[in-house]
Amino acid sequence: MQTLPCPLEIRRSPQTKRVRLTLGADLILRLSAPMGYPKHRCLEFVHAQHEWITLHLERLTKAKENLEEILSAHEGEILLAGEWVSLASLPRPYPKSLRTLFQERLKDRLAFWSDQMGLYPERFSLRKTKNRLGSCSSNGALSFSLQLLFVPLEVLDYVIVHELAHLKHPNHSKAFWSLVRSHLPSFHESKIYLRQHHTLHLRLQERI
């Protein structure tokens, strides 16, 4: 068999029903397989995806190079609500001032959308996260990622509306998406923005 062009992680789980291969932004291949699935079968599956791996590896490598160029061009700056600003222009102490600024912004938008939707959380909190930008617990508490500090207002509104909708529909049913759409008809644009900028937001979160 050929040597793989990047590291491979094999994960087996009782919940996994079929073999699935993904290539992350960290350039690591991850194969999910059912429990007891033989290692040699896993490797055969991966090598059979050689063309797919090569194509996506090239795309991710190029995207990573572009990301480094963006970060280098904005050294000493941070992205706030979709706009680059100088760190030197922010109130001290930094980065505590950034969190305070975002918390107030989030609080205002959350109050606005709670009134619009008639849905009110028990409380909300901020966290550093890698993937989930928001969550809604069974007791009505909402949590939001600090990555949302970087996004434009309309994108922040989408995540807020998304999580508030979970207070009524704790799933992603048709009724859930219908509720989101009734308040934000163009929410798909925000989903695309978040997907396209996810890796950049992760790197910027390291600065705070």
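A polar contact is a pair of N or O atoms within 3.5 Å; within protein, one must be able to donate a hydrogen and the other to accept it, and residues adjacent in sequence count only if both atoms are side-chain atoms. By that rule, the side chain of Asp 115 makes a polar contact with the side chain of Tyr 120 at 2.8 Å. The model is predicted: local features need pLDDT of at least 70, side-chain atom pairs count only at pLDDT 80 or more, and totals for chains, interfaces and linings use all residues. Residues are numbered from 1 along each chain as its sequence is written, and side-chain values use heavy atoms, with hydrogens and water left out.

- Asp 115 is placed in helix 3 (residues 96-117); helices (H or I, at least four residues) and strands (E, at least two) are DSSP runs numbered from the N terminus.
- Asp 115 has 52% relative accessibility and counts as exposed (over 50%; buried is under 20%, partly exposed in between, with a 1.4 Å probe and protein chains only).
- Four aromatic pairs are counted, where rings of Phe, Tyr and Trp (its six-membered ring) pair if their centres lie within 6.5 Å, and planes under 30 degrees apart count as stacked, over 60 as edge-to-face and the rest as tilted.
- The rings of Phe 112 and Trp 113 are edge-to-face, because their planes stand at 85 degrees, with centres 5.1 Å apart.
- Phe 112 is partly exposed at 36%, whereas Trp 113 is buried at 8%.
- The charged end of Arg 109 sits over the ring of Phe 112, 4.7 Å from its centre (the rule asks for NZ of Lys or CZ of Arg within 6 Å of the ring centre and within 35 degrees of the ring normal).

- Phe 176, Trp 177, Leu 179 and Val 180 are buried in helix 5 (residues 174-183).
- These buried residues fall within an arc of 155 degrees seen down the axis, so they line one face of helix 5; the arc is that of the directions from the helix axis to the C-beta atoms.
- Lys 174 and Ser 182 are exposed on the other side of helix 5.
- Ring pairs link Tyr 158, Phe 176, Trp 177 and Phe 187 into a cluster.

**Strand 1**
- Ser 13 lies in strand 1 (residues 8-13), and its side chain makes a polar contact with the side chain of Gln 15 at 2.9 Å.
- Leaving aside residues up to four places away in sequence, Ser 13 touches Ala 33, Pro 34 and Met 35 (heavy atoms within 4.5 Å).
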